[in-house]
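Please look through the chain below before reading on. The numbered points that follow are short notes, each on one part of the fold.

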Amino acid sequence: MSTSFTVDKRKFWWGVIIILPIIIALLYKTGPAPKQYSQSSVTQSAHPADESASVELPPLNKRFSSIAELEKKSHSASRELAIQQWQTVNGARVYFMQTDALPMLDIRLVFAAGASRDEKLPGLAQITNGLLAEGTTNKNAAQIAAGFEKLGAQFSNGSYRDMATASLRTLTKDSLLTPAIDLFSEVIATPAFPEDAFVRIKNQMMANLQYIKQQPGKQASQAFYQALYAKHPYGIPEHGTQTSLKTLTTDDIQRFYQQYYVAKNLVIAMVGAIDQTQAKAIAEQLANKLPEGKAAPKTPRPTPLVETQQKHIEFPSSQTHILMGTLGVSRDAKDYPALYIGNEILGGGGFGSRLMKEIREDRGLVYGVGSAFIPMQAAGPFFINLQTKQSQASEALSLSQEILQKFIAEGPSQQELDQAKQKLVGRYPLSTASNADIVSQLGAIGFYHLPLDHMQQFLEDVQAVTREDVQRAFAQHFQKQPLLTITVGQQAKPDNTEKAQEKQPQHEAPLTQANQ
């Protein structure tokens, strides 16, 4: 009797051990779930009118500690661009797109105040733009930086050949947006150009010129622009020269600023979670703080090369850097879609391009090779750039010329064209994936006076391009144009000299990082 009870008792406890955890798990699963703040919940909360969410979200400043976190969430699929355009009372042109996916706003101010306006003082545009956030009539640089940081906002600026820019990224919560716009407006409209900051930035720019002398690629680019454009404004060294930087004064900067940082010379691009009424108020605030002024005259057309030119710059490196090209087209050229897709096939498409395949993959002559158009307000350059061993420079250059001339004469194959179009369609959504991408595009549309549907229309135009269109466009622009070639490196040595050097002892001093 006692034995039977013992066996039953064991069975009972083994049953408890096996079944109890299952019961506990089932009870936990059917009980109330812990609160979770998912990505979808955060997205819903960006729309105040949507009150259907069952989970009460924490305040905005608890969900996003900084704009950096928002930036991680800002890359989405390509969006339809519903662009609105108008002018402020004093003549600034405004381009606006409302997008409510995230509670943030991007603003980009574009002035026709790039290096092409420097005239006899190269570097003037760059140093003027660089001094914008170095102090206002009421705040010093540290106070400005602390002000933007306190608001979680980001300020940035830049100077190029055609344009100068100033940008703001801020959250759209009223307590953050309003003071961020106020501070941004103060920085743009009342820069003090303090003497100490002027001296510091000028010294930095002079140090940068010394750095450029140690970079063969930068030397090639600088020499290419100066030789191609000669006395045209695009030939002005955008980083300045030792002579011009020493000559510059704060009076020069004040004069440049007063002439070009004016409302009628300004494009305002805005993308973000505000409506048109808010956008108009912000645009008026930014523009009204500036004098009305006058729009800068359009950059004149450059004179084409009359003969083939080749220039060599001696540089102690094991590689030779080569830039070969000529005048390209302006941003509004009607056949730019054909030139663009043609260049993708020729050398702009990376490893799938002709130049890369024939010069690097098939023959192993170069470290890298590519081609590009830089369309600007006036005709920008078209060029092929490559880097190779000095002993192979001549062969690589000759082959590049042959490939270009064949492309001009025959155009692409149908297979090349179809593949390039497919790649463009796949890449196009990335150009409208974030607010920052779109605001940059809007700034360019406004600055270059392109139609509002330019981005969509450009993609359609490229898809309609034929092989004959590409060949015709390249032949029209480049068949009779002389080429400019810049080489930077050491002159090629005879083969026997190189072989003799290879036999020298291995304890010779190695190349330094500066000349590799």
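1. Glu-292 is partly exposed, with a relative accessible area of 40%. Here buried means under 20% relative accessible area, exposed means over 50%, and partly exposed is in between, with a 1.4 Å probe and protein chains only as cover. Glu-292 forms a salt bridge with Lys-264, and their closest N and O atoms are 3.2 Å apart. A salt bridge is counted when a side-chain nitrogen of Lys or Arg lies within 4 Å of a carboxyl oxygen of Asp or Glu. Glu-292 sits in the loop between α12 (276-288) and β7 (309-314), and Lys-264 in the loop between α11 (250-260) and β6, so the pair ties together parts that are 28 residues apart in sequence. Lys-264 is also partly exposed, at 40% relative accessibility.

2. This is a predicted model, in which local features need pLDDT of at least 70 and side-chain atom pairs count only at pLDDT 80 or more, while totals for chains, interfaces and linings use all residues. Residues are numbered from 1 along each chain as its sequence is written, and side-chain values use heavy atoms, with hydrogens and water left out.

3. How many salt bridges are there by this rule? The count comes to 9. Among them is the pair Asp-362 and Lys-357, with 3.4 Å from N to O. Asp-362 is partly exposed at 47% relative accessibility, and Lys-357 is partly exposed at 42%.

4. Another salt bridge joins the side chains of Arg-472 and Asp-469, at 3.0 Å from N to O. These residues are 3 apart in helix α19 (residues 467-478), which puts about one helical turn between them. Arg-472 is partly exposed at 48% relative accessibility, and Asp-469 is partly exposed at 24%.

5. The chain has 20 helices and 11 strands. Helices (H or I, at least four residues) and strands (E, at least two) are DSSP runs, numbered from the N terminus. Buried residues make up 48% of the 516 residues in the chain.

6. An open sheet is formed by 6 strands in the order β1-β2-β6-β3-β5-β4, with mixed pairing. Two strands pair if DSSP finds at least two bridges between them. At the edges stand β1 and β4 (154-159), each with a single partner strand, so one side of each is left without a neighbour in the sheet. From one strand to the next, the twist averages 15 degrees.

7. Helix α12 packs on the sheet and touches β1, β2, β3 (104-111) and β6. The direction of α12 makes about 145 degrees with that of β6. Helix α17 (residues 435-447) also packs on the sheet, touching β2, β3, β5 (164-171) and β6, and its direction makes about 155 degrees with that of β6. Contact means heavy atoms within 4.5 Å. Axes are lines fitted to C-alpha atoms, for helices over the stretch in contact, and angles run from 0 to 180 degrees between N-to-C directions.

8. Is strand β2 (residues 93-98) largely enclosed or open? In β2, 5 of the 6 residues are buried, so the strand is largely enclosed by the rest of the structure. Strand β1 (residues 84-87) pairs with β2 in the antiparallel sense over 4 bridges, and Gln-87 has Arg-93 in β2 as its bridge partner. The two strands form a hairpin with 5 residues between them, and Gly-91 in the turn has a positive phi of about 100 degrees.

9. With strand β6 (residues 266-272), β2 pairs in the parallel sense over 6 bridges. The bridge partner of Tyr-95 in β6 is Ala-269, and Gln-98 stands opposite Gly-272 in β6.

10. Helix α15 (residues 393-410) and α19 pack at an angle of about 120 degrees, with their axes 7 Å apart. That makes α15 oblique to α19; angles under 35 degrees count as roughly parallel, over 145 as roughly antiparallel, 65 to 115 as roughly perpendicular and the rest as oblique. From α15, the contact is made by Phe-407, Ile-408, Ala-409 and Glu-410. From α19, the residues include Arg-467, Val-470 and Phe-474.

11. Among contacts in the chain between residues at least 6 apart in sequence, 81% join residues at least 24 apart.
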